[in-house]
Structures are given as structure tokens and as C-alpha cells.
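Let's take a walk through a protein model together, one piece at a time. Have the picture ready and follow along as we go.

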Amino acid sequence: MKVSLNWIKRYMDLPSDVTPERIAYDLTLRTVEVEGTEDTGRKYHDMVVGKILEVKKHPNADLLKICITDIGEDEPVQIVCGGSNLYEGEYVVVAKPGSEVIWHGEGEPVKLKETKMRGELSYGMICSATEVYLEAFFPVKDEREIVDLKGVACKPGQEIAELVCMNDTVLEIDNKSLTNRPDMWGHYGVARELAAIYDVPLKPLPDTDAVSGLPEYPVEIKEPGKCPRYVAVKIENLYETESPLWMKAALINGGMRPINAIVDITNYVMMAVGQPTHAFDSTHVEGGKILVRNAKKDEKLLLLDNNELDLTEDDLVICDVHDAMGLAGIRGGKKDSILPETTSVVLEIANFTAANIRKTGKRFDEKTDASIRYEKSIDTERVDQGLAMSLKLLKELFPESKVTAYADRYLARTERAVIDVPQEFLDIRLGKILSRETIERILKALGYDVVFESGIYHVTAPVWRSTGDVSMKDDVLGDIARLLSFESFEPKPLPVMFEHAVHQNDALLERRLREYLAYRCGFNEIYTYPWIDEKYIKAARIDTAEAVKLATPPAPEFENLRSSLIPGMLEAISKNLRYYDSFKMFEMAQVFEKGEYHESEEEETLPIHKKYLTGCVVGRNAREVFYEVKGVVEAMSGYCHMEGLSFAKAEKPSWADGNACLDVVCGEETIGAIGLLSAAAMSDSKIKRTNAAVFELNFDRMIPFTSRTNEFKSLPQFPLVKKDLSLLVDENVTWKEISDAIRSKVKELEFVEEYKGNQIPEGKKSIMLHVKIGKDDSTMTSEQINGEMERIIRRLNKMCGAELRAE
């Protein structure tokens, strides 16, 4: 949001020694984040008002003229100009040598210098609006038309920045820092904060009695839950005219474009007090009555650009007796437009509930200056400020205007929050003891009512802070602390006693897992949002019935919080395939389940959340990627200092291929699964012409070793003997069964390959493995080696039906 300091000065007197940079600094430390400041008058340097005393033909150019011009200096100057509307006595904008102009309104600024044009000396330039940043003040009809200041009170030599009220400083405030401060979405709210910071009085806003005793304008609110208050004022004797320069400057410096006086007043009021207003051409309100209702089924709203919105029955609209005229709190329609022939309007100043505006805005992807303010939850009393200021400005700009009808449907008031704040609470939480006078001074400057009794401050929050911003004693504490300035608090060392080493096994395991996957296995770590696109949840065949749902999702398809990391991984695979044929990724993050979880206290209720680890290997060869993932998980425990992981064939995960998946077991508990993505999951996720193997593990169920579980294993004192075995086994015999049969009989066991082919009998497969055998007290002899291998083969035959494969 842009804030004009000239505008702020209408509501308070800033201390004379406070610079714009200091204001930005103090606001950032105490209230909202100021991202930068802009001196809006800087670009108008060396630009002044000139009065043309004489216009002569250029002797060497038919389209150029020589203008003798008074620019407030000792002698008139000669300027060569090609403007189409030059005349003697005309007041114009003169850019003197040294100024910077945009030549013919195009390109980058060019620095002027005194020069000759077709042989005639020219002192600077008489400018068009587009050349000197004035097109919003003086709209251009012809590219050769120069700015004619006829009707503008000015004198030769007057600075242009002063003339158009652009000798101003604008603060650029980060909108995110205003999210919970609906009172500060207008200049008066910012002025209130600055008045409190610098301890100076805040000037009151105008009041009005112009609506007393008037005939009632017909207004009916059919959805009181969505519109607590609606004011309609009919004003006649209006006409199309431009706004005064001071109002145009205020709007421009606030980030808006001047249009015409009627529309500009509505925008000015919104930016002044943060209350959106809207004007309807009264002749377009059929039946002379306004209804605030939900849209009808299949109803449409025609917009000013001739596009149509397909309304739903949940959308609140402003209507006449026949049709919708505007989308409440968001934007108007074509039917309610202010036109050049408009002579009377119905001024709308209303309060709409934040949740409804937010939902409708997201549905139509509409974000307007009005909806941004309504979404923050504006108090109902703000309507009175908007009404009084609107009527005051209309009377100033249209002295002959007349208010002829008025209605105020006030169905629900914003109640002021009442909070008790113990002195002891403030002393402990602030870390310093403040006097009662200091606390009361700060709170009253911010609009609080305060009564101190028996060690407790009975605080009533101002109405503009009572829509959710201030609701508990901690909020009051925060206001006191920030107004004091955090710089006023002396740093104190934390009393920390180190009695023993802190050994966080879970944190160490998490780090080791990340390092193992990234450094040793070559995975790239990714981060995904906790809300998941529903199409990827469906692709993983995960039921959303038990998913935690967001009350206000970023978009309708993102309403589910993830209960698994697999859908996010599917999306990541799909997107990365646009750039890479093969890759490896992993993510460690929280998943959510329905239920209650209390992080630190009972009042803090969150959904149940668990930490999961997922990863994928993507490549053309399905067999290779599956075994790589299996190897990564199998070796994980050894490298990460944790309880060993094993595999079991059990229930198929919803996202996996039933012929290539395994459960992952830690101790006696299944903590996850690995598998190839099923064809259906890949198809629904737009994963094409590749294969992907994925694992997902419950990190919370992994068991890290403590330092006490370390065991020393000496290297073999005598040589080990390595032997290769090529076995024939039934197709349904797994590697785990082979490993379990002989693991205790050998020093080391390693799987080499599995083979099926023409030389292998049907129903059989060939397994090749390496074994290492040896003795702890001596080197094995040939007879001992042969005997040990015969015992291993007999055990394999007995446990797995294995036979040595013939050469």
C-alpha cells in the first residue's frame, strides 16, 4: 500500500524535525513494514510554469514556432516548440535545461540542455503532458498538444511539483504486514499510529447532519448475515467534471488513477479512511429500490468490459428490482456505471462480512482495492466516517448538489472487545516494570479506554481494532511493547545452565537421513506445499474422507492437507519430467490426520501431524529403478545409525504396482513401503514414457541408536574365502527366504543377479550370490572350505528347495 505524507499531514502535525526516512524507520519498528520511500517531486526538478508572451514563426521550419516565454526569471527566454495549441498569454509547463523529460512520451528520460533548433536558440522545452509525467492530470487529445494551464491558478516560475501537489513523499508499505490491521488500510489509520508514536494530537474527521430529516431511500437486506450495515444516499444536481489537482495528486500518490470527480471521491474516501464506497447512476436503479441478496440460480452479471460473471447462489449481489448491478464488496457491473450524462447518483457505503467477500473473490479470481479491505474485516462504524467525508467532498466539488434521500440499514454492530490485563502479567511478560501513567498514556493514544482497579487494567479496545485484531491480553501487551519500541528494551542474557550434554537422537537421525540421501545416494531434496491438488490425491488412490480440510483453501482443489507425501511426489515427478529424463528426489515433511494435537498447552489445538520421508528414482528401466530404491532403503540403517530395516510382502499400497512392491519393517512394525508406481497412478499424474520407484517411510517410527548401542567389531584376523553360488529355485522363492536360511552360516552374503531364460526350466529362476566364509582362530583348509559349502548347499535345499545350477 502507498501512503502519502502530504495526505497524512491533513490529519496530524508531524514534528518538524522528523524526516521521511525516520518516519519509515519508526513505523517499521513499531507498526508495519515500510519497504521504501519515494520523493514524488524529484522527477519534476527544473520544471516551472511559463507564460507565453509572444509566438513567432520559425524562419527555417514550418511546424516549429518561437515562443518568448516568461519563466519567472529576470528576462523572458526564447523556446522553440512544435506544439499545436500555442497562443500568446498561454500558461504552459516549461522544462528548463538540466531537467529530465521523456522525449515525445517514449523511451527513457533525457536530460535537457540549452541548444539550437534549426538555427534558433531554445532555452529548454515547452512540454506535453506525456513528456513530464502529467498525463493523469492533463489528459492528452493530440500528441502535439502541449499542457495548457488555462483555468489553473498559477504564476510564471512556479515549480510544477508544487502546482500539481506532487512535492510529496510516498511510503511503500508491505501489504502482508497489514493483514491483521484493517484500521490501517486508509491514511487516517496510519496517521492515528503516527500520532501515537510521536505523541501528538490526531485531528478529528468531519461529521455530518446533511442526512437528517430526509425521505427514506428504499433498501432491503435479504442476507443480514453477509451485510451487517448498508447506507444508501441519493444525491442530485451532479455533472461530469475533473477532480481538482490536489485530489488527483492524492490518488496518484496512493496508487490509483483519477477518472472523474464522482468516481474520484469514492476512491479518495476509501483511501482516506479505509471504507470502500460506490456510486450508482440513480437512473439505472430500476424500480428505485436497492436489494442486497444472494444471486439467483444461473444469474449473470454484465461487467463494464462486456464480460459476464456466472454467479452462484452463494454470491452476494447488489440489485435493483430486476437485475444484479454489482458483486457486493468486490466490483460494480456495467448497469451501475457512472457515465458522462450522469446527473444523480445513489451512493453506497456498506459493511460486508470478510469471509463471504474472500470466498466470492477467490471463486471469480477477483482482487480489487475494495475487496482487499473488506477481506480484512472492517468495523461497522467506519461507514459513518465514509458517509461524512463523502458528503463533505461532494459539497466542496459540487456546491449546487443536493441530498434528496437516505437510508441506513444497521442490522448488527461491531462490539468493542473488553479485556482484563493484570499488572503482574505485564511486568513479567514485558521484562520491565512500567508506570501506570505510561501504560495508560500508550493505550489511550491508540484509542483504548482504560480503567485501573485492584492491580488490573480493565481495557476496552477501540471499535476499529475489535474485528479480530485485539481479542486477548497478549494483544494489549503487544501494543504497549511496540509503541515503547523494541529498542527501548535492554537485552538480557538468558539464564542457561549446562549440566550435561544434550543428545537429540531424533534430530541427529533426521540430519543423517538427509545427508545419506543427498550425499551418498545422489538425491535432490524438494519441498512441497502441505495442501495438495486433489487430482494427485486421486491419482495415488488415497481416500480424502479422513483428510484434514482447510476452511479457506488457496483454491477449491487445494482444500485437503496431505495425509501422505506420495501425491506431492507424483506432482514433482510430473513437473520435473519436462526437463529431465532421469532423476532422484526426496522429501521429509509433516502429514496430517483428523484429531487433536496439543503442541504446548491444551488451548493450542492442532490436527494430528506426523513426519514422513519419501523418495523416488525415475528412469526408463523399471527393474533398475526398483532395485535402486530397494538398495537405498536397505542400506539406510547402516549409514544412518538406526534400527535395521527389512522387507516383507504384505498389503499393496494404493499407489503401487502389485507385482513390484514391498512393506518396510522396523523391528516388528511396518513403517512404510516401496514400489513401482502403478500404471493408473502414472497415467492420472501425466507421468509418461518412464518408470518411477517410490518409497515412503514413517520417520516417527524409525528407531535411532544411542551411543551406548555401539558395538566394536574387529576386522577378521584370518583370510575370508569368497565363493559364488548359482542356484535354481522356484519362481516364488524370495531373496529374503534365501538370506534368512544361510545368513547365520556365513560371514558376508551378497545378492548378485536373478535370471530367467531359455536355459532355465519353466517355473524356475536362477539366483547368483556371493558368500564369504571363514574361521576366527585359523585359516580354513580346502577340506574345511568344501565341507562348509556342502553344509550351506544342503541347508538351502532343505529351506528353499534350492539346487546348484549345472554349468
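Before we set off, keep in mind that this is a predicted model. Our first stop is a pair of helices, α6 and α9, whose crossing is right-handed. Helix α6 covers residues 261-273 and helix α9 covers residues 382-397; they pack at an angle of about 140°, and their axes lie 10 Å apart. Which residues of α6 meet α9? On the α6 side they are Ala261, Ile265, Tyr268, Val269, Ala272 and Val273. Their counterparts in α9 are Arg382, Gln385, Gly386, Met389, Ser390, Leu393, Leu394 and Leu397. Sorted by type, the residues of this contact comprise 10 nonpolar, three polar and one charged.

Next, find the open sheet made of four strands, which run in the order β15-β22-β14-β23 with antiparallel pairing. At its edges sit β15 (277-281) and β23 (402-410), each pairing on one side only. From one strand to the next, the twist averages 20°.

Strands of a sheet pair through backbone hydrogen bonds, either parallel or antiparallel. For one case in this sheet, look at β14 (residues 229-236), which pairs with β23 in the antiparallel sense over eight bridges.

Now move to helix α12, residues 473-484. Its 12 residues reach 17 Å from the first C-alpha to the last, close to the 16 Å expected at 1.5 Å a residue. Several of its residues are buried, including Val476, Leu477, Ile480 and Leu484. What do the buried residues of α12 pack against? Among the elements they meet are the helices α2 (20-30), α4 (187-198), α10 (423-430) and α11 (436-445), and the strands β24 (418-422) and β26 (456-460) also take part. Just after α12 comes Ser485, with a positive phi of about 85°.

Finally, let's visit Val3, in strand β1 (residues 2-4). Is Val3 buried or exposed? Val3 counts as buried because its relative accessibility is 0%. Leaving aside neighbours within four places in sequence, Val3 is in contact with residues that include Ile8, Thr169, Val170, Leu171 and His187.

Key:
Residues numbered from 1 in each chain as written. Predicted model: local features only at pLDDT ≥ 70, side-chain atom pairs only at ≥ 80, totals over all residues. Heavy atoms only, no water. Helix = DSSP H or I, 4+ residues; strand = E, 2+ residues; numbered from the N terminus. Expected span 1.5 Å × (residues − 1). Buried < 20%, exposed > 50% of the residue type's maximum accessible area, 1.4 Å probe, protein only. Contact = heavy atoms within 4.5 Å. Axes fitted to C-alpha atoms, helices over the stretch in contact; angles between N-to-C directions. Left-handed = near helix turned anticlockwise from the far one by under 90°. Nonpolar A, V, L, I, M, F, W, Y, C, P; charged D, E, K, R; others polar. Pairing = 2+ DSSP bridges.
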